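This report describes one protein chain for a reader who has not seen it before. The sequence and structure come first, followed by the description.

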Amino acid sequence: MTGTAVGSSLTTRFGTIRGVLFDIDDTLVDLEYAMTTALREVSEHLLPGLDQSGWDRFGRIFTHETTHYYDRYLAGELTFNDQRLLRGRAALGHFGVELAEGEESHRWLSAYSELQPALVRAFEDVLPLLDVLDAAGIPYGAVSNNVHDYQRAKLDSAGLERVGRLVGTDTVGAAKPEPAIYLEGVRLLGTSAQETLYVGDNRLLDAEGSTAAGLVGVWLNRAGETVPSFEGHEVSSLSQLLD
């Protein structure tokens, strides 16, 4: 990281930066690992003999192919637990297993909800970047498409208590990509939008959404996905932000 500190600013390839906002899930913390590991542990009795490719497919359905249920949660149509259970049912149903209503669903959901938070961990590139920002006097925080208290507990359990400024969907009654949620993060930092980085793993919600709100959006493309039509800023690791 070779960004140049100037007072409480950094000169980077993105321009002069005075603050940084992050997405949380799969940006600061490896939520996909936590989700897929917990899913396997609480579902193995329902899918005996499933091979690794099957478990990979199971996890993919839950984490990537059922996000329309999460969108319905954000829209207020489902509770958080409802969307989680529907995603689990969809993944199990792909393998011909029906999760029964009532006690069986309750046991599955309770087991998953208890196990998953303990598996959440920060990516290895997070703390070194926060150290640089702290040393340079650059304020930072997080803006997430989930409620404040749930994400606060997640950050704390992952050892990221130092990310003190946090905006959730319930903070301003808005979700990404609505400008208000990014701009509340900017307000908490005390910076201007045009000198604030917003970094996240979702190209549409994080990079493009924050850019449309006036921030400097950066797509954290950890998987190396190729999107020729994307013309915005992109990094494959947080360690590249201040190169």
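In this predicted model, 48% of the 243 residues of the chain count as buried. The chain has ten helices and nine strands. Its radius of gyration is 19 Å, close to the 18 Å that the globule rule gives for 243 residues, so the chain is as compact as a globular protein of that length. Along the principal axes, the C-alpha atoms fill a box of roughly 60 × 35 × 35 Å. Among contacts in the chain with a separation of 6 or more, 62% come from residues 24 or more positions apart.

**The sheet**

Six strands make up an open sheet with parallel pairing, in the order S6-S5-S4-S7-S8-S9. Its edge strands are S6 (165–167) and S9 (233–235), each of which pairs on one side only. On average, neighbouring strands of this sheet are turned by 25° against each other, direction ignored.

Strand S7 (196–200) sits between S4 and S8 in that order. Four bridges join S4 to S7, and the two run parallel. S7 and S8 also pair in the parallel sense, again over four bridges. The table gives one residue pair for each of these pairings.

| Strands | Bridge partners | Bridges between the strands |
|---|---|---|
| S4 and S7 | leucine 21 and tyrosine 198 | four |
| S7 and S8 | leucine 197 and valine 216 | four |

How many residues of S7 are buried? Five of the five are, so S7 is largely enclosed by the rest of the structure. Both of its faces are covered: Thr196, Tyr198 and Gly200 are buried on one side, and Leu197 and Val199 on the other.

**Helices H9 and H10**

Helix H9 (179–189) lies across S4, S5 (140–143), S6 and S7, and runs at about 160° to S6. The loop between helix H8 (169–172) and H9 contains proline 177. A cis peptide bond joins this proline to lysine 176, with omega about 15°.

Helix H10 spans residues 203–212, and its buried residues are Asp206, Ala207, Gly209 and Ser210. These buried residues are covered by elements including H9, S7 and strand S8 (216–220). Just after H10 comes glycine 214, which takes a positive phi of about 100°.

Another positive phi, of about 65°, belongs to aspartate 26, although this residue is not a glycine. Aspartate 26 is found in the loop between strand S4 (19–22) and helix H1 (31–43).

**The nonpolar cores**

The largest nonpolar core has 53 residues, of which Phe22, Trp108, Leu133 and Leu241 touch the most other members. H1 gives the most to this core, with six residues. Which residues does leucine 133 touch, not counting residues up to four places away in sequence? They are Leu10, Val20, Phe22, Ile138, Tyr140 and Leu242.

Another core, of eleven residues, lies apart from the largest one, and its members include Val167, Tyr182, Tyr198 and Ala213. One of these, Tyr198, is also the bridge partner of leucine 21.

Key: Residues are numbered from 1 along each chain as its sequence is written. This is a predicted model: local features need pLDDT of at least 70, side-chain atom pairs count only at pLDDT 80 or more; totals for chains, interfaces and linings use all residues. Side-chain values use heavy atoms; hydrogens and water are left out. Buried means under 20% relative accessible area, exposed over 50%, partly exposed in between (1.4 Å probe, protein chains only). Contact means heavy atoms within 4.5 Å. Two strands pair if DSSP finds at least two bridges between them. Axes are lines fitted to C-alpha atoms, for helices over the stretch in contact, and angles run from 0 to 180 degrees between N-to-C directions. A nonpolar core is a set of buried Ala, Val, Leu, Ile, Met, Phe, Trp, Tyr and Cys residues joined through side-chain atoms within 4.5 Å. The radius of gyration is taken over C-alpha atoms; the globule rule is 2.2 Å times the number of residues to the power 0.38.
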